[in-house]
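The points below are grouped by topic.

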Amino acid sequence: MYSYVARQPIFNRQQRTVGYELLFRDGESNAFPVIEANKATCRLLVENYMAVGDNPATAGQRTFINFPYESLIRLLPMLLPKRKVIIEVLESCAPDEELFVAIKYLYRQGYVIALDDFEMSPPWQRFLPYVHIIKLDLMKIGIEQACEFVNQHRDRKLKFLAEKVETRQDYAAAYEAGFQFFQGYYFSKPEMLKNRQVEPEKLTTVRLLQEICREPVDFNRVEKIISSDVSLSYLLLRYVNAAAHRTIEPISSFKQALVYLGEDKIKMFVSAVATAHAAIDKPRELYSLSLQRARMCEMLAASSRQAVEKDKAFLTGLFSLLDALLDNSLEQLLTLLPLEPDVRDALLNRQGALGRILALLDAYEQADWETVGIHCQALGIREELVAKTYQHALQWSSQYLDTSPNPDSTA
C-alpha cells in the first residue's frame with residue numbers, strides 16, 4: 001500500500017525555492033480527494049513525517065501544511081519540528097476565541113504561522129500580531145486588491161505570499177507591490193510523490209487509544225501495546241528521533257521513548273495515527289512472526305549466561321523483519337532510528353550477544369541443527385530449551401494478535 005502527496009514549490013523574489021506546500025492526495029490522480037479535512041491532515045502527517053525517513057516531500061526546505069480548525073485547536077502541529085514546517089491556517093477556520101488561543105500558543109512555541117487565502121475580514125485583525133505570513137489568492141480576490149492590501153500593511157512585520165500566480169503579468173504586478181513569496185502555475189504545477197505506507201494494525205491502534213484516554217496514562221500498559229506492533233513501534237521511535245530538540249541518548253526501550261515524549265505528545269501522536277485509520281497491506285503472518293521472534297529473543301536472553309537485557313532483546317527480535325514489512329533495506333531503515341549500537345550491530349551484522357541470539361533464531365527456523373548447537377553453547381543455553389521457547393513464543397504471539405480490544409485484557 002502506498003501513500004501519495006503533491007508538493008508545489010514556493011519561490012522568493014530571486015525566484016529561488018524556499019519551501020514547498022504539501023497537498024494531500026489519495027491516489028495517482030493529482031487532485032484533492034473527497035475526504036474530511038482533518039482526516040486528510042492527519043494522514044498527511046503520518047504518511048509523510050512519521051512513516052518515512054528520506055522522504056523527498058519533506059527533505060530540504062520548509063514545508064507549508066494546511067491545518068483545519070479542529071487540528072489547530074487540538075495543537076496537532078506540535079507533532080512536527082517547528083524548524084521544518086509552516087502552519088497554514090485554512091480560510092475555512094472560524095476566527096473565534098478557541099482558535100485565537102491556539103494560534104497564540106503555537107506562535108509562542110516558536111512555530112511560523114501563515115494565514116491561507118486571507119480574506120481581510122475584521123475578525124482576523126487580532127490574529128495578525130501572531131502571524132508571520134499572509135497568503136493572498138490572486139485569482140480569488142484579484143491582483144489589484146491583493147496589491148493594495150500589501151501596500152496598506154507595509155508597516156507591519158508581515159511577509160506576503162502571492163498564491164495562484166498564473167501569468168508573467170501577475171508575477172510582475174505582485175513583485176512590484178512588494179510580495180516576498182510567490183506560488184502558482186506560472187512557476188510550477190504540483191508534483192506527485194509516492195511512498196510506501198508504514199501503518200499499524202487497526203486493533204492495536206484501538207487498544208492504544210483506549211489506554212491513552214485513561215487519567216493518568218499508564219506507561220507500562222502503553223508500552224505493552226506499542227511493543228505488540230512493529231510498524232507502530234517504528235513510527236514511535238522515528239517520531240521521537242525527529243521531534244527531539246536536542247541530541248538524545250540512543251533509545252533502547254519503548255518506555256524510555258514514551259517518557260521522553262510526555263503524556264500530551266503521546267496523546268497527539270496516537271490521535272494522528274488513529275485518525276489516519278491505517279492498516280498496512282502485508283500478511284498477518286508477518287506481524288505474527290515479528291512478535292514471535294521478539295518473544296523468543298526476550299526469553300532466550302533471560303536464559304543466557306551472557307549479560308543481555310530482556311528489553312533490548314525484545315526490541316531486536318521485533319525489528320529483525322522490518323525490511324520485509326517496509327519493503328526497504330534494513331540498513332537504510334535503521335539509520336532513521338536512535339537505537340543503541342549493540343542493537344544495531346545485532347540486526348545488521350549479527351554481532352554481540354544479541355546478534356548471536358538472532359543468529360540462533362535464524363538457524364532454528366532453517367532447521368540447521370549444527371549451527372543451533374554452536375550458538376547454544378556460546379550463549380550457555382540448553383538446546384532443548386530453544387524448542388520450548390519457540391512453542392511458547394508461537395502460542396504467545398497468536399494469543400496476542402487474537403486478543404479483543406478490551407483495555408483490561410492481558411497478553
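This is a predicted model: local features need pLDDT of at least 70, side-chain atom pairs count only at pLDDT 80 or more; totals for chains, interfaces and linings use all residues.

Tyr171 is a buried residue, with a relative accessible area of 9%. The secondary structure of the chain comes to 19 helices and nine strands.

**Overall organisation and confidence**

- The protein chain has 411 residues, of which 55% count as buried.
- Among contacts in the protein chain with a separation of 6 or more, 65% are between residues 24 or more positions apart.
- The pLDDT is below 50 over residues 274-280, a stretch that has 25 contacts in the model beyond near neighbours in sequence.
- Residues 403-411 also have a pLDDT below 50, and this stretch has 23 contacts beyond near neighbours in sequence.

**Aromatic pairs around Tyr171**

- A search of the whole structure finds 16 aromatic pairs. One of them joins Tyr171 and Tyr186, whose ring centres are 5.9 Å apart with 25 degrees between the planes, and this pair is stacked.
- Tyr171 belongs to helix α6 (residues 168-177), whereas Tyr186 belongs to the loop between β8 (181-182) and β9 (191-196), so their pairing ties together parts that are 15 residues apart in sequence.
- Tyr186 is partly exposed, because its relative accessibility is 28%.
- Tyr171 also pairs with Phe187: the centres are 5.4 Å apart and the planes stand at 90 degrees, so this pair is edge-to-face.
- Phe187 lies in the loop between β8 and β9 and Tyr171 in helix α6, so the pair ties together parts that are 16 residues apart in sequence.
- Both Tyr171 and Phe187 are buried.
- Ring pairs link a cluster made up of Phe11, Tyr171, Tyr175, Phe182, Tyr186 and Phe187.

**Charged groups over rings**

- Tyr175, a member of that ring cluster, has the charged end of Arg13 over its ring, 3.7 Å from the ring centre.
- The ring of Tyr20 has the charged end of Arg7 over it, at 3.9 Å from the ring centre.

**Ser71 in helix α2**

- Ser71 is located in helix α2, which covers residues 69-73.
- Is Ser71 buried or exposed? Its relative accessibility is 0%, and Ser71 therefore counts as buried.
- Apart from neighbours within four places in sequence, Ser71 contacts Asn38, Thr41, Leu76 and Pro77.

**Helix α16 and the residue that follows**

- Helix α16 (residues 341-349) has Val343, Ala346 and Leu347 as its buried residues. Viewed down the axis of α16, these buried residues fall within an arc of 90 degrees, so they line one face of the helix.
- An α-helix has 3.6 residues a turn, so residues three or four places apart point the same way.
- The packing partners of the buried residues of α16 are α13 (310-318), α15 (330-334) and α17 (352-365).
- Arg350 follows α16 and is placed in the loop between α16 and α17.
- The phi of Arg350 is near 55 degrees, which is a positive value in a residue other than glycine.
- Most residues other than glycine have a negative phi.
- Arg350 is partly exposed, its relative accessible area being 29%.

**Helix α17 and the residue after it**

- Helix α17 consists of 14 residues and reaches 20 Å from its first C-alpha to its last, close to the 20 Å expected at 1.5 Å a residue.
- Why is α17 described as largely enclosed by the rest of the structure? Eleven of its 14 residues are buried, so α17 is largely enclosed.
- The buried residues of α17 include Leu354, Ile357, Leu358, Leu360 and Leu361. Asp362 and Tyr364 are also among the buried residues of this helix.
- Just after α17, Ala367 has a positive phi of about 60 degrees; this residue is found in the loop between α17 and α18 (369-379).
- The positive phi of Ala367 occurs in a residue other than glycine.
- With a relative accessibility of 40%, Ala367 counts as partly exposed.

Methods. Residues are numbered from 1 along each chain as its sequence is written. Side-chain values use heavy atoms; hydrogens and water are left out. Rings of Phe, Tyr and Trp (its six-membered ring) pair if their centres lie within 6.5 Å; planes under 30 degrees apart count as stacked, over 60 as edge-to-face and the rest as tilted. Helices (H or I, at least four residues) and strands (E, at least two) are DSSP runs, numbered from the N terminus. Buried means under 20% relative accessible area, exposed over 50%, partly exposed in between (1.4 Å probe, protein chains only). A charge sits over a ring if NZ of Lys or CZ of Arg is within 6 Å of the ring centre and within 35 degrees of the ring normal. Contact means heavy atoms within 4.5 Å. The arc is that of the directions from the helix axis to the C-beta atoms. The expected span of a helix is 1.5 Å times one less than its number of residues. pLDDT is the predictor's confidence in each residue, from 0 to 100.
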